[in-house]
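Trainee: I am new to this structure. Could you walk me through how to read it?

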Amino acid sequence: MLAMLGSIGMTMIILACALPTYNLWWPIFVVLFYIICPLPTLIAKRSQNADDGVRAPNAMFATVGIILSSFALPIVLARAGVIQWGAGILTLAGNTVAYTTILAYYFGFESSDSGMW
């Protein structure tokens with residue numbers, strides 16, 4: 001199920017880039033946000049040598065900032081006229097599906113063995 005949702009999300013983003021109506025590849029840069037999205041949480045989980053309670057909120061703040069940036073990028077590109085609004089909407093829909101997939105993975109597989117959150 002997660003693989004299917006991930007494929008649908010990526011298909012929407014690729015369609016936003018490759019359809020002949022849009023034919024610009026700027027929306028593909030949101031994939032970089034997918035790659036760096038889990039990094040603050042992974043770094044915070046790995047460096048738990050002191051129990052200070054600061055790492056988890058900072059990692060959550062950075063993760064939310066990355067997620068918001070991935071939703072803001074297509075809106076900014078569409079408002080600036082770099083891409084068309086249809087491509088921006090397809091990218092936003094792909095973002096929603098992709099982050100839903102990441103969230104489902106986290107709650108389905110990672111939450112049972114993580115004591116950080």
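Trainee: Is Ile 14 buried, partly exposed or exposed, and why?

Mentor: Start with the cut-offs: buried means under 20% relative accessible area, exposed means over 50%, and partly exposed lies in between (1.4 Å probe, protein chains only). Ile 14 has 39% relative accessibility, so Ile 14 counts as partly exposed. Ile 14 lies in helix H1.

Trainee: What pLDDT does the chain average?

Mentor: pLDDT is the predictor's confidence in each residue, from 0 to 100. Where pLDDT is low, the predicted coordinates should not be read in detail. Here the chain averages 88, and 89% of the residues score at least 70. H4 has the highest confidence, with a mean of 94, and H3 has the lowest, at 86.

Trainee: How many helices and strands does the chain have?

Mentor: Helices (H or I, at least four residues) and strands (E, at least two) are DSSP runs, numbered from the N terminus. This chain has five helices and zero strands. Read from the N terminus, the order is α-α-α-α-α.

Trainee: Which residues make up the largest nonpolar core?

Mentor: A nonpolar core is a set of buried Ala, Val, Leu, Ile, Met, Phe, Trp, Tyr and Cys residues joined through side-chain atoms within 4.5 Å. The largest one here has eight residues: Ile 13, Val 30, Phe 33, Tyr 34, Cys 37, Ile 66, Ala 98 and Tyr 99. H2 gives the largest share, three residues. There is also a second, separate core of six residues, including Ala 16, Ile 83, Ala 87 and Leu 90.

Trainee: What is Phe 33 in contact with?

Mentor: Contact means heavy atoms within 4.5 Å. Leave aside neighbours within four places in sequence, and Phe 33 is in contact with Ile 66, Ser 69, Ser 70, Leu 73 and Tyr 99.

Trainee: And what does Phe 71 touch?

Mentor: Phe 71 lies in helix H4. Residues up to four places away in sequence are not counted; beyond them, Phe 71 touches Leu 92, Asn 95, Thr 96 and Tyr 99. The C-alpha atoms of Phe 71 and Leu 92 are separated by 6.2 Å, though the residues are 21 apart along the chain. Phe 71 is partly exposed, because its relative accessible area is 24%.

Trainee: What share of contacts in the chain join residues at least 24 apart?

Mentor: Take contacts between residues at least 6 apart in sequence: 66% of them join residues at least 24 apart.

Trainee: Now the surface. Which residues make the nonpolar patch?

Mentor: Patches are made of residues with over 30% relative accessible area and no salt bridge; like charges are joined within 9 Å, nonpolar side chains (Val, Leu, Ile, Met, Phe, Trp, Tyr) within 5 Å. A salt bridge is a side-chain nitrogen of Lys or Arg within 4 Å of a carboxyl oxygen of Asp or Glu. This patch covers about 900 Å², and its residues are Leu 24, Trp 26, Phe 29, Leu 32, Ile 35, Ile 36, Leu 39, Leu 42, Ile 43 and Val 82. H2 and H3 are the elements that give two or more residues to it.

Trainee: Is Ile 43 buried or exposed, and why?

Mentor: Ile 43 is exposed, because its relative accessibility is 56%. Ile 43 lies in helix H3 (residues 39-46).

Trainee: Where is Leu 24 found?

Mentor: Leu 24 is found in the loop between helix H1 (2-18) and H2. At 35% relative accessibility, Leu 24 counts as partly exposed.

Trainee: What phi does Asn 23 have?

Mentor: Most residues other than glycine have a negative phi. Asn 23 is not a glycine, yet its phi is positive, about 50 degrees. Asn 23 is found in the loop between H1 and H2.

Notes:
Residues are numbered from 1 along each chain as its sequence is written. This is a predicted model: local features need pLDDT of at least 70, side-chain atom pairs count only at pLDDT 80 or more; totals for chains, interfaces and linings use all residues. Side-chain values use heavy atoms; hydrogens and water are left out. Accessible areas come from the Shrake-Rupley method with a 1.4 Å probe; for residues, only the protein chains shown count as cover.
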